[in-house]
Amino acid sequence: MNIHEYQAKEIFRKFGIPVSEGRLVTTPGEAREAFSALGSVPVVVKAQVHAGGRGKAGGIKFEKSAGEAEKAAAGMIGLKMKTHQTGGLEKTVHKVWIEQLTDIAKEFYLGVTIDREVGLPVIIFSSAGGMSIEEVAAQSPEQIYRMHFEPDKLPDGKTLQAFVSKALSNADRQGKFAKIVENTAKLFVSVDASLVEINPLCLMPDGGIRAVDAKINFDDNALFRHSDVEALRDPLEEDPREREAKKFDLSYVGLNGNIGCMVNGAGLAMATMDIIKLYGAEPANFLDVGGNATTEKIAAAFNILTSDKNVKAILINIFGGIVRCNLIAEGILAALKNVKLSVPLVVRLEGTNAKEGKELLEKSGVNVIAASSLSDAAEKAVKAVGRG
């Protein structure tokens, strides 16, 4: 689960990570009022969407008057923003955060996430923070420093000071940065985050330090322990198809292709998406119905696929193990009672009760394109949308 910058900054305050004073607005008029309330010139007007790269997409502006702040907010609210982190999709801006401008002497990067290769949290720190941190990571990886730690035993102050000294030579400031690194690691563990990121973490001319941006992603599997975090969810930021999928415990990620996929098993789902691309088209989604799929879940999954206006063909690829192919067929037929199928439907059923499932579909009269293998299914689906 993701949250907005303004929400992350409120959590930062609770953990002793310094941030600028700001106001949340949802109308241009509120932006004018926020400018006056902050009493500082200039201010930063920031679009609130669950994606980085806002600055390059026109979602961050610096304004010197109440009128300019109002105009900037008017231009952002309702804006459909696409950045390198939105996966090719557009995000509509519904909220704007206006905060005091931070006078910056030097930008740093600080993040805490999970290193899945070693199975431990890792602190990432660099003196090359800012909008080009991805380029730094790719071109000058030696400027980025990492330190792993045990989640039940955070590094002590001395260890952290030695760590930040790799990117910061001023001994007087190392202690201040080390304390912020310590607080960020505490936050990460306390809220069961999957990512806490400050980019940039800024050193000011007076020697102060401030988190100019804030990003927190949470582990969905741990949300049952954090009702306060769950309450921060913004449904407007979520793909409506993904929201519907969660109701039925379906693993679904919306993409921007035109072949809808329904598969059982994450590995097979990834292979199905890959082979669609191999044959020249793009998948519209990742959808894993899992091994405990019921007729109800299959019907829900099918409804989600057919509700996507970009889908020009549907590929159902099931290898029956725990899940039985006849249940898949029953779910498809149940969904079709309420949905008029207007796109080609390619179905590959193999494994447990595959014969029974195929017979159910054949006897139903539904126009199904049967496939005998994964490659056959992909080829037929791609041809159905005119790409093969």
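User: Leaving aside its neighbours within four places in sequence, which residues is Asn264 in contact with?

Analyst: Contact means heavy atoms within 4.5 Å. Neighbours within four places aside, Asn264 touches Asp288, Val289, Gly290, Asn317, Ile318, Phe319 and Val323. This is a predicted model: local features need pLDDT of at least 70, side-chain atom pairs count only at pLDDT 80 or more, and totals for chains, interfaces and linings use all residues. Residues are numbered from 1 along each chain as its sequence is written, and side-chain values use heavy atoms, with hydrogens and water left out.

User: Is Asn264 buried or exposed? And what does its side chain reach?

Analyst: Buried means under 20% relative accessible area, exposed over 50%, partly exposed in between (1.4 Å probe, protein chains only). Asn264 has 11%, so it is buried. Now the polar contact: a pair of N or O atoms within 3.5 Å. Within protein, one atom must be able to donate a hydrogen and the other to accept it; residues adjacent in sequence count only if both atoms are side-chain atoms. Here the Asn264 side chain reaches the backbone oxygen of Phe319 at 2.9 Å.

User: Where is Asn264 found?

Analyst: Start with the element names. Helices (H or I, at least four residues) and strands (E, at least two) are DSSP runs, numbered from the N terminus. Asn264 lies in the loop between β14 (259-263) and α9 (266-278).

User: How do I read strand pairing? In which sense do β16 and β17 pair?

Analyst: Two strands pair if DSSP finds at least two bridges between them. Strand β16 (residues 313-320) pairs with β17 in the parallel sense, over seven bridges. Ile316 stands opposite Val347 in β17. On to β18 (residues 369-370): two bridges join it to β17, and the two run parallel. There Val347 stands opposite Ala370.

User: Which hand does the crossover from β17 to β18 have?

Analyst: Point the strands away from you. A crossover is right-handed if the path from the first strand over the helix to the second then runs clockwise. From β17 the chain passes through helix α12 (residues 354-364) to β18, and the crossover is right-handed. β16, helix α11 (residues 325-336) and β17 also make a right-handed β-α-β unit.

User: How many residues of α11 are buried? What covers them?

Analyst: Ten of its twelve residues are buried, so α11 is largely enclosed by the rest of the structure. Among them are Cys325, Asn326, Gly331 and Leu336. The cover includes α10 (295-307), β16, β17 and α12. Strand β17 (residues 345-351) has five of its seven residues buried, so it too is largely enclosed.

User: How does the α11 length compare with the expected span?

Analyst: The expected span of a helix is 1.5 Å times one less than its number of residues. α11 reaches 17 Å from its first C-alpha to its last, close to the expected 16 Å.

User: Last feature. How many aromatic pairs does the structure hold?

Analyst: Rings of Phe, Tyr and Trp (its six-membered ring) pair if their centres lie within 6.5 Å; planes under 30 degrees apart count as stacked, over 60 as edge-to-face, the rest as tilted. The structure holds five pairs. Phe108 and Phe125 make a stacked one, at 5.8 Å centre to centre and 10° between the planes. Phe108 sits in strand β7 and Phe125 in strand β8, 17 residues apart. Both are buried: Phe108 at 2%, Phe125 at 0%. With Phe163 and Phe177 they form one aromatic cluster.
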